Every structure is written in C-alpha cells, then in structure tokens.
Amino acid sequence: MRRTIVIALLLTTASIALGQTPQAKSDKRRSIEQVIRQLDHERIQAQIDADVAALDRIYAADFIGVGQAAP
C-alpha cells in the first residue's frame with residue numbers, strides 16, 4: 001500500500017514537471033532569483049541601518065556570523 005502511494009506521488013510529480021514549458025521554468029527561476037535578490041537587499045540594508053528587528057527576522061535563530069573584526 002505504502003509503495004503504491006509513493007509510486008503514485010512520483011508519477012504525479014514527474015507528470016507535472018514534464019508538463020511545464022521551458023518558458024514556465026524560466027519564469028519560475030527568474031521569480032525565485034528576484035525573491036533572493038530582494039531578501040539580500042533587505043539584509044544588507046538592515047546591516048547598514050543596524051536594524052536588529054529586521055536581522056532577527058532574516059537570519060535563522062542559530063545563525064553565527066564569521067568575519068573580520070571591526071577596528
């Protein structure tokens with residue numbers, strides 16, 4: 001039973017992936033890139049502005065930054 005469900009899910013996923021046009025894949029990739037660029041811009045601006053609330057929202061709770069120490 002479980003094997004049948006897994007096979008059905010794989011076939012459904014494959015059908016959806018194969019059904020996408022190259023244009024749809026390109027648009028999706030471009031959209032993802034835009035989201036990442038926007039988040040990175042927000043992160044940089046939060047660092048510049050020393051916006052602790054924004055940095056808490058952007059970074060994972062267990063984030064550890066490593067870099068050059070400020071003079």
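User: In this predicted model, which residue forms a salt bridge with arginine 30?

Analyst: Side chains of opposite charge can pair when their charged atoms come close. For arginine 30, the closest N and O atoms of the pair are 3.2 Å apart. The cut-off is within 4 Å, so the contact counts as a salt bridge. The partner is aspartate 27.

User: Which helix holds both arginine 30 and aspartate 27?

Analyst: The two residues are three residues apart. That spacing is about one turn of the helix. Both lie in residues 22-49, which is helix α2.

User: Is arginine 30 buried, partly exposed or exposed?

Analyst: Its relative accessible area is 43%.

User: How far apart are the closest N and O atoms of aspartate 40 and arginine 43?

Analyst: These two residues also form a salt bridge. They sit three residues apart in helix α2, so about one helical turn separates them. Aspartate 40 is partly exposed at 35%, and arginine 43 is partly exposed at 22%. Their closest N and O atoms are apart by 2.6 Å.

User: Which residue forms a salt bridge with arginine 57?

Analyst: The closest N and O atoms of this pair are 3.5 Å apart. The limit is within 4 Å, so the pair qualifies. The partner of arginine 57 is glutamate 42.

User: How many residues apart are arginine 57 and glutamate 42?

Analyst: Arginine 57 lies in helix α3, residues 52-58. Glutamate 42 lies in helix α2. The pair links distant parts of the chain, and the separation is 15 residues.

User: How many salt bridges does the count come to?

Analyst: Another pairs aspartate 40 with arginine 43. Arginine 57 pairs with glutamate 42. The count comes to three.

User: Are the rings of tyrosine 59 and phenylalanine 63 stacked, tilted or edge-to-face?

Analyst: The count comes to one aromatic pair. The ring centres of tyrosine 59 and phenylalanine 63 are 4.1 Å apart, and their planes are at 5°. Planes under 30 degrees apart count as stacked. So the pair is stacked.

User: What is the relative accessible area of phenylalanine 63?

Analyst: Tyrosine 59 is partly exposed, at 22%. Phenylalanine 63 is partly exposed too, with a relative accessible area of 43%.

Definitions and conventions:
Residues numbered from 1 in each chain as written. Predicted model: local features only at pLDDT ≥ 70, side-chain atom pairs only at ≥ 80, totals over all residues. Heavy atoms only, no water. Salt bridge = Lys/Arg side-chain N within 4 Å of Asp/Glu carboxyl O. Helix = DSSP H or I, 4+ residues; strand = E, 2+ residues; numbered from the N terminus. Buried < 20%, exposed > 50% of the residue type's maximum accessible area, 1.4 Å probe, protein only. Phe/Tyr/Trp six-rings, centres within 6.5 Å; stacked < 30°, edge-to-face > 60°.
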